[in-house]
Amino acid sequence: MTLLYDLLDPTRNLKKRLGEERGRLFRMAYAWCCESALADDLVQETMTKALQNIHQLRDPERLQSWLYAILHNCWRSYLRQLRPQGSLDEEVLCCEDCPERENDRQQIISTVRNAIAKLPLGQREVVTLVDLNGFTYAEVAEILEMPIGTVMSRLSRARRSLQSTLASVYEESVPVTSRIRRIK
């Protein structure tokens, strides 16, 4: 009987699978926003959009990735709404090449360079190769002739050290409303 219903209404099975994904979507949304109520709202919006556009899903095997893409778009829309909205009259316009901005930029660059310079040599080599020059871990391991695990551990220690050293610079340069909590 179920098979007959599935043949008559092919979206029925998709709708059932959609309901089964709700828990995973909630966990992902919660990981992104760290608020249960907001995560629930995001999942609800995702499910609504998915049900409204389920006819657009060409490959039913891609349901999960399709749902996560919708959830990601809902999340981005939410973040866009958080941006401060103000009229241009209230904004303090500042040129990009003002001496004040250039001075601030140079101070940040100098602080970062000093923080990198204070790292032990091994960590400094790895962090500059990976983060500043874009080499992969394997390429750095080959360049420095060391195991890839050593590269990863040195990079991790270097990033932690830089993070603690540069925390004050980051706190001053990024507005409080734009910080997003990172969860791994």
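Contact here means heavy atoms within 4.5 Å. With that in hand, welcome to a predicted model in which local features need pLDDT of at least 70, side-chain atom pairs count only at pLDDT 80 or more, and totals for chains, interfaces and linings use all residues. Residues are numbered from 1 along each chain as its sequence is written, and side-chain values use heavy atoms, with hydrogens and water left out.

**Confidence**
- The average pLDDT (the predictor's confidence in each residue, from 0 to 100) is 80 for the chain, and 79% of the residues score at least 70.
- Helices here are DSSP runs of H or I with at least four residues, numbered from the N terminus.

**Nonpolar cores**
- A nonpolar core is a set of buried Ala, Val, Leu, Ile, Met, Phe, Trp, Tyr and Cys residues joined through side-chain atoms within 4.5 Å.
- The largest such core has 20 residues, and Leu42, Trp66 and Leu67 have the most contacts inside it.
- At least two residues of this core come from each of helix H2 (10–20), helix H3 (22–33), helix H4 (36–52) and helix H5 (63–82).
- H5 supplies the largest share of this core, seven residues.
- Beyond its neighbours within four places in sequence, Trp66 touches Ala50, Asn53, Ile54 and Leu57.
- Ile116, Leu129, Val151 and Leu155 are among the 15 residues of a second, separate core.

**H7 against H8**
- H7 and H8 pack with their axes 10 Å apart, at an angle of about 135°; axes are lines fitted to C-alpha atoms, for helices over the stretch in contact, and angles run from 0 to 180 degrees between N-to-C directions.
- That makes H7 oblique to H8, since angles under 35 degrees count as roughly parallel, over 145 as roughly antiparallel, 65 to 115 as roughly perpendicular and the rest as oblique.
- On the H7 side, Glu125, Val126, Leu129 and Val130 make the contact, and on the H8 side Tyr137, Val140, Ile143 and Leu144 do.

**Two residues to look at**
- Gln123 sits in helix H7 (residues 121–132) and counts as buried, at 13% relative accessibility.
- Buried means under 20% relative accessible area, exposed over 50% and partly exposed in between (1.4 Å probe, protein chains only).
- Leaving aside neighbours within four places in sequence, Gln123 is in contact with Arg154, Arg157 and Ala158.
- Glu145 lies in the loop between helix H8 (137–144) and helix H9 (148–173), and is exposed, with a relative accessible area of 73%.
- The phi of Glu145 is near 55°, a positive value in a residue other than glycine.
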